[in-house]
Amino acid sequence: MMKIAIEELAGCSGCTIAVLDLHEMLLDVIEEAEIVYSPVIMDTKEPPEGIDIAFVTGAVRNEENHERLIRLRKRAKTLVALGTCACYGGISGLSMLSSNEDLFQCVYREVETAKPDGVIPTDVPPFLYRAFAVGDLAKIDYYITGCPPKEAFLKKIIPAMIAGDTLELSRKSVCAECDRIMGPVENWSLSRRHEGVPDREHCLLGQGYLCLGSVTFGRCGAACPKNNIPCHGCNGPSLDILREPCRDIYNMMVRRISDLTDKPEKEVEKELYDVAHTMYAFTIGSLIMEDKETSKIRDLVKERGR
Ligand code: SF4
Ligand code: SF4
Ligand code: SF4
């Protein structure tokens with residue numbers, strides 16, 4: 001029987017919960033494969049040798065995450081990055097916008113669940129100098145993006161992986177899955193999500209909301225725009241951005257808005273700079289994205305911490 005493992009690095013465990021959300025389909029999965037390691041599901045501390053498929057969730061933020069990733073790579077025939085933290089650093093990467101001191105102060109003293117003694121522990125694994133996507137530090141065989149990956153997609157992909165089948169999957173962006181129409185774009189100005197209520201028929205970007213659908217990988221069925229919420233990029237960058245060194249989330253959004261509104265790109269760029277960090281909310285911890293010539297990640301991290 002095939003042996004499956006699910007590892008947790010720096011993340012929220014939501015990706016493992018998404019696997020559990022397969023509900024009764026899990027019964028079919030465990031007929032074909034045994035889950036031999038998953039710290040969220042079972043009381044287990046170390047992955048065994050001889051794993052067939054290992055799913056790794058979460059980014060690599062500290063030395064322990066790194067050790068676990070390397071160990072899993074050695075013990076698994078196939079290693080799958082599951083979720084956007086693993087694929088691109090995800091929300092764990094946002095920690096690069098604060099200093100280590102501020103992060104510890106917040107986690108151990110300021111949040112409501114902090115212990116009243118306010119003691120900052122000294123025996124936690126040391127941070128690496130930045131967050132990493134797992135593919136920055138180990139060879140990854142497959143990537144499944146999403147924060148977390150959507151149930152309908154996991155229902156297709158997991159049984160196929162276990163059966164060794166190949167699937168034809170969409171490679172399009174969120175916009176390609178969205179059925180909103182472009183309305184008249186007049187007097188365009190940027191609106192924050194809490195400002196006003198967008199109409200349900202027309203493109204959210206055309207209405208002034210920063211919808212990242214055109215720069216975001218699809219396969220979620222445009223879940224957010226269908227619920228009147230702009231896409232915030234949780235599936236990671238679209239394929240054209242990944243493939244083209246000169247394309248980046250920020251510069252492609254500037255270009256798109258400039259095309260829509262006839263405003264010069266320089267003007268749009270100024271207007272968007274204050275919200276640039278929100279465009280990298282899921283990719284700031286990815287070296288692939290930071291290394292792009294046109295990336296704003298380096299500036300944002302320099303301004304705010306690491
Ligand atoms: S990708 Fe999202 S759901 Fe998965 S571990 Fe990261 S934050 Fe949690
Ligand atoms: S930008 Fe957003 S709202 Fe507009 S078509 Fe693309 S996904 Fe839909
Ligand atoms: S629409 Fe965007 S933010 Fe919403 S689930 Fe899809 S990729 Fe994620």
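Helices (H or I, at least four residues) and strands (E, at least two) are DSSP runs, numbered from the N terminus. With that in hand, here's a quick tour of a predicted model, in which local features need pLDDT of at least 70, side-chain atom pairs count only at pLDDT 80 or more, and totals for chains, interfaces and linings use all residues. Residues are numbered from 1 along each chain as its sequence is written, while chains are lettered from A and ligands numbered from 1 in the order in which they are written. The chain has 13 helices and seven strands. Its radius of gyration is 20 Å, close to the 19 Å from the globule rule for 306 residues, so the chain is as compact as a globular protein of that length. (The radius is taken over C-alpha atoms, and the rule is 2.2 Å times the number of residues to the power 0.38.)

**Overall build**

- Along the principal axes, the C-alpha atoms fill a box of roughly 60 × 50 × 35 Å.
- Buried residues make up 38% of the 306 in the chain. (Buried means 20 or more other C-beta atoms within 10 Å of the residue's own, exposed means 12 or fewer, and partly exposed is in between, with C-beta atoms placed from the backbone.)
- Among contacts with a separation of 6 or more, 72% are between residues 24 or more positions apart. (A contact needs two C-beta atoms, placed from the backbone, within 7 Å.)

- Five strands form an open sheet in the order 2-1-3-5-7, with parallel pairing. (Strands pair if DSSP finds at least two bridges between them.)
- Strand 2 (33-37) and strand 7 (142-144) are the edges, each pairing on one side only.
- From one strand to the next, the twist averages 25°. (Axes are lines fitted to C-alpha atoms, for helices over the stretch in contact, and angles run from 0 to 180 degrees between N-to-C directions.)
- Strand 3 (residues 51-57) pairs in the parallel sense with strand 5 (residues 76-82) over five bridges. Here phenylalanine 55 has valine 80 as its bridge partner, and isoleucine 51 stands opposite alanine 76.
- Strand 3 also pairs with strand 1, again in the parallel sense and over five bridges. On that side, glutamate 7 stands opposite valine 56.
- Six of the seven residues of strand 3 are buried, so the strand is largely enclosed by the rest of the structure.
- Helix 3 (residues 63-75) lies across strand 1 (2-8), strand 3 and strand 5, and runs at about 135° to strand 5.

**Around the ligands**

- Ligand 1 has 13 residues around it, and the nearest are Gly11, Gly14, Gly83, Cys85 and Cys147. (To be near a molecule or strand, a residue needs its C-beta atom, placed from the backbone, within 6 Å of it.)
- Helix 1 (14-20) and helix 4 (84-88) are the elements that give two or more residues to the ligand 1 shell.
- By class, the ligand 1 shell has six nonpolar, seven polar and no charged residues. (Ala, Val, Leu, Ile, Met, Phe, Trp, Tyr, Cys and Pro count as nonpolar, Asp, Glu, Lys and Arg as charged, and the others, Gly among them, as polar.)
- Ligand 2 is surrounded by 13 residues, with Cys175, Cys178, Cys203, Cys211 and Gly213 the closest. The ligand 2 shell splits into 10 nonpolar, two polar and one charged.
- Ligand 3 has residues around it including Cys220, Cys224, Cys231, His232 and Cys234. Its shell comes to seven nonpolar, three polar and no charged residues.

**The loop between helix 6 and helix 7**

- Arginine 193 lies in the loop between helix 6 (151-163) and helix 7 (223-226). It counts as partly exposed, with 13 C-beta neighbours inside 10 Å.
- Setting aside neighbours within four places in sequence, arginine 193 is in contact with Tyr209 and Pro230.
- Arginine 219 is in that loop too, and it counts as buried, with 22 C-beta neighbours inside 10 Å.
- Alanine 222, also in the loop, is buried with 21 other C-beta atoms within 10 Å.

- Most residues other than glycine have a negative phi, and most peptide bonds are trans.
- Arginine 219 has a positive phi, near 80°, and alanine 222 has a positive one of about 50°.
- The peptide bond from cysteine 147 to proline 148 is cis, with omega near -5°. Proline 148 sits in the loop between strand 7 and helix 6.
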